[in-house]
Amino acid sequence: MEELTRGRRLLVLAICCSSLFIVGLDSTIVNLALPAIRSEFGASVAKLQWTIDAYTLVLASLLMVSGSTADRVGRRRTFQVGLVLFGIGSLLCGVATSVDLLIAFRVLQAVGGSMLNPVAMSIITNTFTDPRERAQAIGVWGGVVGLSMAVGPVVGGSLVDAAGWRFIFWINVPVAVAAVLMTAFFVPESRAAVPRRMDPVGQVLVVLLLGGLTYGIIEGRSAGWGSPLIIGCFVVCVVALATLVYYERRREQPLLEPRFFRSAPFSGATLIAVCGFSALSAFLFLNSLYLQSVRGFTALHAGLLTLPMAAMTVVFAPVSGWLVGHRGPRVPLVVAGTMLTASGLLLSRLTTTTATVHLLISYLVFGLGFGMLNAPITNAAVSGMPRAQAGVAAAIASTSRQVGASLGVAVAGTVLTARLVGSFETGFVSAAELCWYIIAGCGALVLVLGVITTSRWARSTAEALVKDPGAAPTR
């Protein structure tokens, strides 16, 4: 790659961060629009679940293959294709005439989204060759996550109230168009010197595993848990998992490296990411429905009420990073698990007339916990890994986040529907109580796993993985 001036490097960083911003903004905004979508299309809770999960599920399935594709065919080219697909998907979401079409267009959005964040990170790491500048650039990149969460509720609420839910998708289109043009003029092309081989079999198995699990959970109640369709989904899930492990162990360059899971810190980071992001997605899903459908708040009012949670995430994310750097990942993980558990328990006490101060305290506690979560996940995932494998390990951790986001909505919506008695508005509070306890349980798992996977024993398993001379795959 050609040597760029500092101004050009900063411009590349800004272009890449714009992709992260619209993808992060999109998830928060869509949650706030769910009541409006439900009202216009008469959508069931299951359809609302798919509106969220169609996006996160496809994103989780394609993140790793998008990164390896970009290394092979060119990062700038892949990034531009992702922006075009994301923009077209957003435009079509805004003109959808039914909830089924909306879900289909969300899939197209996700295909484009999967080419943005991991590829943009590769562009950044190749643009900023100085270690100090690279660390600062990655810090800015991480801060954009918090910024998108912070402004998402207010922007989403304003758009839904002032112009309608369709504009939450259309707002992405001009940003995507501008980013495509800026990328063409200012982002240099780059490829990996030795790109990883494509793994189509592994990719298909990942899609079958995640798709079968999510579909079975969401549709299980309506189709019947003992129906051939749902049993078949879970059977496909188990078979895909077993085949994936067997197949990937025998590939020289696997899509998913099973050997990594012999490291307790890595396995723990994967499970912690699933638990933490399950809690987040379930919280956003349930809270939007509670504030608007039960309490009768406008979308803007609901966004403003949720803003303290996002603000705490912005404040404590860098604190967590500092603690990880100076004290290790245990303290942030313990704080994250404790606060997520406490917030779930506080939210389980919600009624149709809960005082605003109780809501705000619950949101502040949740935001503190989630803000402490991200830095130790990435640190624990790559801790003790061979340097050459650190990027792959971080990609698996990112995929685990999206898997958690899918499962959180799937489980929360299924439990809510199963317990709902009477109308949605009058029965929501009692039906959602168990969902809040599940969120508390996710926090408790983060706490327990955080302690176990930062122990001396856990560190020894990571060291043994690096030293293991039998690391080569069996063929």
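Trainee: What lies over the face of tyrosine 246?

Mentor: Arginine 250 lies there, at 4.1 Å from the ring centre. A charge sits over a ring if NZ of Lys or CZ of Arg is within 6 Å of the ring centre and within 35 degrees of the ring normal. This is a predicted model, in which local features need pLDDT of at least 70 and side-chain atom pairs count only at pLDDT 80 or more, while totals for chains, interfaces and linings use all residues. Residues are numbered from 1 along each chain as its sequence is written, and side-chain values use heavy atoms, with hydrogens and water left out.

Trainee: How many aromatic pairs does the structure hold?

Mentor: The structure holds 10 aromatic pairs. Rings of Phe, Tyr and Trp (its six-membered ring) pair if their centres lie within 6.5 Å; planes under 30 degrees apart count as stacked, over 60 as edge-to-face and the rest as tilted.

Trainee: Why is the pair of tryptophan 165 and phenylalanine 169 called edge-to-face?

Mentor: The ring centres of tryptophan 165 and phenylalanine 169 are 6.2 Å apart and the planes stand at 90°, so the pair is edge-to-face. Both tryptophan 165 and phenylalanine 169 are buried, a term for under 20% relative accessible area; exposed means over 50%, and partly exposed lies in between (1.4 Å probe, protein chains only). Phe41, Trp165 and Phe169 form one aromatic cluster.

Trainee: Which angle and distance describe the aromatic pair of phenylalanine 167 and tryptophan 170?

Mentor: Phenylalanine 167 and tryptophan 170 are 4.9 Å apart centre to centre, with 80° between the planes, and this pair is edge-to-face. The two residues are 3 apart in helix α7 (residues 167-170), and therefore separated by about one helical turn. Helices (H or I, at least four residues) are DSSP runs, numbered from the N terminus.

Trainee: What makes phenylalanine 167 partly exposed?

Mentor: Phenylalanine 167 has a relative accessible area of 35%, and is therefore partly exposed. Tryptophan 170, with 26%, is also partly exposed.

Trainee: Which residues form the nonpolar patch on the surface?

Mentor: Val177, Leu181, Met182, Phe185 and Phe186 form it, with about 470 Å² of accessible area together. Patches are made of residues with over 30% relative accessible area and no salt bridge; like charges are joined within 9 Å, and nonpolar side chains (Val, Leu, Ile, Met, Phe, Trp, Tyr) within 5 Å. Accessible areas come from the Shrake-Rupley method with a 1.4 Å probe. Methionine 182, found in helix α8 (residues 172-186), has 32% relative accessibility and so counts as partly exposed.

Trainee: What makes the contact of glutamate 40 and arginine 166 a salt bridge?

Mentor: A salt bridge is a side-chain nitrogen of Lys or Arg within 4 Å of a carboxyl oxygen of Asp or Glu. The side chains of glutamate 40 and arginine 166 meet at 2.8 Å, N to O, and therefore form a salt bridge. The pair links distant parts of the chain, with glutamate 40 in helix α1 (residues 6-41) and arginine 166 in the loop between α6 (131-162) and α7, 126 residues apart.

Trainee: How many salt bridges does a search of the whole structure find?

Mentor: The search finds 4 salt bridges. Among them is the one between aspartate 100 and lysine 47 (2.7 Å, N to O). Aspartate 100 belongs to helix α4 (residues 99-113) and lysine 47 to helix α2 (residues 45-73), 53 residues apart.
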